[in-house]
Amino acid sequence: AGRVAAHYTAGTEPWGAELTSARVTHVLDAVGFDAANRNIDTGNSTLQPHTSPSDAASALRAVAKAEGGFVYIDHQDGGKLRFVARTTRWTATASLTSQATFGDSGVEITYDAISLQDDRIINRATIQRFNGAAVTVSDSVSEAARRRTYSESGLLYETDAESQYRAERIVAEKAERQRIPKTITLRPRKSTHTAWAEVFARQVDDRITVKWRPPYGGTYTYTCWIDGISHKWSARNGLETTFSLSPVPFSTTGAPFWIWGTSTWETGTSTARWSY
């Protein structure tokens with residue numbers, strides 16, 4: 001009876017003028033998702049009434065896209081569904097302070113393995129909400145060298161002002177050329193390697209440090225956020241874990257963190273491969 005009532009309410013009372021976190025709660029309630037298995041941040045954007053996609057997962061992804069955050073199953077918290085607001089990476093300890101350093105292992109790779117992020121530059125962003133006006137924000141200084149455009153439409157924002165905020169945030173974060181590794185792939189050689197504990201401890205939005213020591217000398221250090229985590233197994237390489245990364249716009253000091261690995265190949269460290 002309770003589930004029938006929830007579906008009736010969903011169909012007869014439009015969900016509008018509510019935060020993204022409230023929309024996530026609405027969706028989960030409508031499909032009878034256990035309230036004890038949720039961990040939902042307070043959202044930052046207000047959403048309009050809208051016809052939901054055909055399944056709950058798609059509806060949750062649409063909300064996360066509007067928020068600029070993430071939805072995933074949190075293996076560190078007993079498998080709860082986790083909704084991460086976009087401001088979490090500016091407030092959570094794991095996002096403010098580097099949790100581990102990857103690299104510094106003497107791996108011989110060419111400097112081309114570190115991207116200058118030209119392909120990720122966005123200096124003109126056009127954002128349009130569902131049934132709203134298209135809002136464009138640009139950075140004239142970087143556009144003088146080369147214009148790199150980006151657009152999104154159909155977002156669930158309630159007002160065009162939300163579209164303006166999103167466009168401004170995108171340009172502010174991505175207008176400048178940055179040197180940053182896009183991904184790192186880790187494959188500790190032994191199943192008992194201590195590095196595995198650190199690999200599986202990492203979460204989306206964690207801040208990490210990546211060190212690259214090129215063959216011609218010197219060490220380069222990059223501070224990144226984890227945007228995505230994927231695992232792959234093969235008979236040849238065993239289990240591989242890949243972190244998709246985004247640059248931290250500025251550095252924040254915090255509690256000290258330890259260095260994972262040494263400068264000696266295959267001694268207390270793991271193999272890392274940079275993609276570009």
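Tutor: Buried means under 20% relative accessible area, exposed means over 50%, and partly exposed lies in between (1.4 Å probe, protein chains only). Helices (H or I, at least four residues) and strands (E, at least two) are DSSP runs, numbered from the N terminus. This is a predicted model: local features need pLDDT of at least 70, side-chain atom pairs count only at pLDDT 80 or more, and totals for chains, interfaces and linings use all residues. Residues are numbered from 1 along each chain as its sequence is written, and side-chain values use heavy atoms, without hydrogens and water.

Student: How many helices and strands does the protein have?

Tutor: Seven helices and 14 strands. Of the 276 residues, 43% count as buried.

Student: Which residues of H2 are buried?

Tutor: Thr20, Ser21, Arg23, Val24, Val27, Leu28 and Ala30. Just after H2, glycine 32 has a positive phi of about 70 degrees.

Student: Why is H2 called roughly antiparallel to H3?

Tutor: Helix H2 (residues 20-30) packs on H3 at about 175 degrees, and the axes are 10 Å apart. That angle makes the pair roughly antiparallel. Angles under 35 degrees count as roughly parallel, over 145 as roughly antiparallel, 65 to 115 as roughly perpendicular, and the rest as oblique. Axes are lines fitted to C-alpha atoms, for helices over the stretch in contact, and angles run from 0 to 180 degrees between N-to-C directions.

Student: What meets what between H2 and H3?

Tutor: Contact means heavy atoms within 4.5 Å. From H2 come Thr20, Arg23, Val24, Val27 and Leu28; from H3 come Ala56, Ala59, Leu60, Val63 and Glu67. These residues divide into seven nonpolar, one polar and two charged. Here Ala, Val, Leu, Ile, Met, Phe, Trp, Tyr, Cys and Pro count as nonpolar, Asp, Glu, Lys and Arg as charged, and the others, Gly among them, as polar.

Student: How do you know whether isoleucine 208 is buried or exposed?

Tutor: Its relative accessibility is 0%, so isoleucine 208 counts as buried. Isoleucine 208 lies in strand S11 (residues 207-212). Beyond its neighbours within four places in sequence, its contacts include Ser98, Phe102, Ile184, Tyr222 and Leu245. Tyrosine 222 is 14 residues away in sequence and 8.5 Å away in space, C-alpha to C-alpha.

Student: What makes alanine 17 buried or exposed?

Tutor: Its 55% relative accessibility makes alanine 17 exposed. Alanine 17 sits in the loop between helix H1 (2-12) and strand S1 (18-19). Its phi is positive, about 55 degrees, although alanine 17 is not a glycine.

Student: And what about asparagine 131: buried or exposed?

Tutor: At 67% relative accessibility, asparagine 131 counts as exposed. Its loop joins strand S7 (124-129) and strand S8 (134-138). Asparagine 131 has a positive phi of about 60 degrees, again without being a glycine.

Student: What makes a space a pocket, and how much space lies in the largest pocket?

Tutor: On a 1 Å grid over the protein atoms alone, a cavity is a set of points where a 1.4 Å probe fits but cannot get out; a pocket is an open set with protein on both sides within 12 Å along at least five of seven lines, and lining residues have an atom within 4 Å of a point. Points are joined across faces, edges and corners, and the volume is the space filled by probe spheres set on them. The largest pocket holds about 740 Å³. Of its 33 lining residues, Arg89, Glu173, Lys174, Asp227 and Ser246 are the closest to its centre.

Student: Which helix or strand gives the most to that lining?

Tutor: H6, with five residues. The lining divides into 13 nonpolar, seven polar and 13 charged residues.
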